[in-house]
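Biologist: I'm new to this one. Could you walk me through how to read it?

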Amino acid sequence: MTRAYNELYVEDAQRSLAAMLDYAVNCLKYELRFFYDMFLQSTYCERFEDGDAAVLSGMSGVELARKVVEEHTHKPCRVEAQYDMERSPAYWTGWVLAYYQWYRSIDFKTMNREAPIQDIYALYSPYHEMDILQFVDKVDEWRMHRRCMTYLKLLRQEAGLSQRELSELTDIPIKTIQQYEQRQKNINKAQVEYVIRLSNALNCRPQDLLEQ
């Protein structure tokens with residue numbers, strides 16, 4: 001299997017992403033999902049997943065987090081890093097995320113659709129004590145299951161909404177929602193207004209609803 005980049009950089013990548021999330025959550029006090037979305041939208045995300053040595057090895061995780069924040073807020077980030085001998089769940093989450101992305105050669109955005117970061121974080125206990133390949137198997141299982149469903153259905157279920165409730169919130173016919181979820185209609189060809197209404201109701205970006 002082709003990996004995302006040379007294996008020589010994997011441990012650097014794991015340390016970097018782990019320290020980035022640890023610093024963002026425990027020092028900058030960002031909610032994990034919010035900060036990770038900032039990373040996904042940053043220019044550093046694609047450089048990281050492509051194996052850019054300047055990002056993987058050329059800067060620390062703290063530096064990477066600061067770059068992401070500064071790119072998003074357009075303000076300097078100078079909060080001091082605080083180190084703990086105990087690795088936090090956020091640190092472990094970044095560690096395994098970087099490994100999986102390299103191992104399966106998948107982009108972070110697609111991975112987050114099929115294995116959301118909050119779900120990975122929830123695996124900390126007991127997976128932080130297990131071989132990392134057991135984590136890989138678990139995420140593979142998730143992705144296989146979720147790929148059978150459209151992103152619309154996944155996001156609707158995550159939001160705790162029924163099809164009827166989503167229909168009432170968006171003023172989109174329930175039959176149309178059902179057709180999108182069953183792939184009887186292609187949501188990629190839906191009216192732009194429909195996609196925007198759905199994304200607003202599900203608290204996601206319009207592109208998160210589109211099928212690949």
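Modeller: Start just after helix H14, where Asn203 takes a positive phi of about 55 degrees. Keep in mind that this is a predicted model.

Biologist: Which residues of helix H14 are buried?

Modeller: In H14, residues 192–202, they are Tyr194, Val195, Leu198, Ser199 and Leu202. They cover an arc of only 130 degrees around the axis, so they sit on the same side of H14. On the other side, Val192 and Asn200 are exposed. The cover over the buried residues includes helices H11 (151–158), H12 (163–170) and H13 (174–181).

Biologist: And how do I read a core?

Modeller: In soluble globular proteins, nonpolar side chains tend to be buried together. Here, the largest nonpolar core has 51 residues, and Phe39 and Phe48 are among those with the most contacts inside it. Helix H6 (residues 89–104) gives the largest share, 9 residues. A second, separate core of 15 residues includes Tyr194 and Leu209.

Biologist: What about aromatic pairs?

Modeller: A pair of aromatic rings is described by the distance of the centres and the angle of the planes. This structure holds 13 such pairs. For Tyr30 and Phe34, the centres are 6.0 Å apart and the planes at 15 degrees, so that pair is stacked. Phe39 and Phe108 are edge-to-face instead, with 5.7 Å centre to centre and 70 degrees between the planes.

Biologist: Where in the chain do Phe39 and Phe108 lie?

Modeller: Phe39 is in helix H2 and Phe108 in helix H7, 69 residues apart. Both are buried. Ring pairs also link them with Tyr36 and Phe48 into a cluster.

Terms used
Residues are numbered from 1 along each chain as its sequence is written. This is a predicted model: local features need pLDDT of at least 70, side-chain atom pairs count only at pLDDT 80 or more; totals for chains, interfaces and linings use all residues. Side-chain values use heavy atoms; hydrogens and water are left out. A nonpolar core is a set of buried Ala, Val, Leu, Ile, Met, Phe, Trp, Tyr and Cys residues joined through side-chain atoms within 4.5 Å. Buried means under 20% relative accessible area, exposed over 50%, partly exposed in between (1.4 Å probe, protein chains only). Helices (H or I, at least four residues) and strands (E, at least two) are DSSP runs, numbered from the N terminus. The arc is that of the directions from the helix axis to the C-beta atoms. Contact means heavy atoms within 4.5 Å. Rings of Phe, Tyr and Trp (its six-membered ring) pair if their centres lie within 6.5 Å; planes under 30 degrees apart count as stacked, over 60 as edge-to-face and the rest as tilted.
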